[in-house]
Amino acid sequence: MKADVLVLGGGPAGGMTALLFARAGHSVVLCESHAALPERVCGMYLCPAGVALLERLGLHDKLASDARQLRGMVMVAPNLQRLETFFPHGENLPDHGLALMRPQLDNALLDLAREAGVQVRMGARPTSIERSRAGWRVALPGGECVEARLLVGADGRKSSTARLLGLTLPLKRSRAAIHIDRPTLMPVPPLGQMHVFDDGAYAGLNPIAPGLMNVSMVCDPEALRVRPVVEFINEHIARSPHLSALVELLPPDARPGVTFPTNARVRRAATHDAALVGDASGYIDPLTGEGIYAALWTAEALVDFASQGWNDLPAALDRYARQRAQRQRSKAILCELFQYVIRRPALANSILGLLSRRQAVADSFIGIVGNSYTPARGLARIALNAIAF
């Protein structure tokens, strides 16, 4: 089989990439190694900028019509001080994010891709991938062979495509992520939550359905080597009256999902004939569920550059790689700053105290987290609102 584009990976980055390339008039084959998409260790949160992206592409009603809106975020410091923040209005962005269910989102994207003409192959881990005169030649189980001009790796943080292309970089410090869905003990407002603990761990919570909370925790991997994961989660729930009033302790037979490492580094997001999207294109330690938005944004950006520059694909892929690097750089700096604060309880307590003194300052901060503002613009607004106070 011959195609313009071969996408490896059926998560949101791969599904969106395949869908948009098909919409742009290209023939596309997508290969997903699993026969059925598995559950993911994921915060299930989409920021306001991601909601705007879905609306811009005409996909909001098809992918997120039943998703719960999140109007902002509750932040809880190590000293248990609690602050409610709200996504800012204006800036041509909605004032809410979404709590999205996985793998329902992934499957919905694959269904839309099929409707657009994408050839989807489930349970099709390539047996060989090699460059050819026309681009790429990929052998699939069962003897099928796909030839494509452009290869797209959408195969996650441990991307075999990135390794094949020689784009992976050694990891810097990384953390472990834990995920489990839990029934809630009380009605919860339409707000995400972030709880920071005095040992540097933190928990992100999203109300994904009535009476159901997505609970994700991030910690140093060493913390999980000295005690069972269920014990680690229960210990942190018990030490916070905010959390213990919200979700029950886990039973001994609970099976949380765990992943490590939580970041990925690449030299760049494209070569002259291949590209990486989503987590495969680089992922920083999680703070607020940046992964789904990055998956959708990189897919849109790649398709825009490649479709407009199809006659000079190497130049188009170079432009995509440079824009991806620019966006990643500012987020990485900001995340490093957040991680520095989170690991220092006294500093985290002080910063939350300062944010709580003026709602506009707190909302500007959450505007950065929600991608309503670039980091530079958001910090400028924080400074301006703080001076005004």
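**Exercise 1.** Determine whether E300 is buried or exposed, and where E300 is found.

Solution. Start with the accessible area: E300 has a relative value of 10%. Buried means under 20% relative accessible area, exposed over 50%, and partly exposed in between (1.4 Å probe, protein chains only). E300 is therefore buried. Helices here are DSSP runs of H or I with at least four residues, strands are runs of E with at least two, and both are numbered from the N terminus. Last, list the contacts (heavy atoms within 4.5 Å). Apart from neighbours within four places in sequence, E300 contacts L20, L53, R56 and L57.

The model is predicted: local features need pLDDT of at least 70, side-chain atom pairs count only at pLDDT 80 or more, and totals for chains, interfaces and linings use all residues. Residues are numbered from 1 along each chain as its sequence is written, and side-chain values use heavy atoms, without hydrogens and water.

**Exercise 2.** Classify P170 by accessibility and locate P170.

Solution. P170 has 61% relative accessibility, so it counts as exposed. P170 sits in the loop between α5 (160-164) and β12 (176-183).

**Exercise 3.** Describe the surroundings of T85.

Solution. T85 belongs to strand β6 (residues 82-86). With a relative accessible area of 0%, T85 is buried. Residues touching T85, beyond four places away in sequence, include R71, G72, L191, Q359 and I366. M73 is also among them; its backbone oxygen lies 2.7 Å from a polar side-chain atom of T85.

Notes. A polar contact is a pair of N or O atoms within 3.5 Å; within protein, one must be able to donate a hydrogen and the other to accept it, and residues adjacent in sequence count only if both atoms are side-chain atoms.
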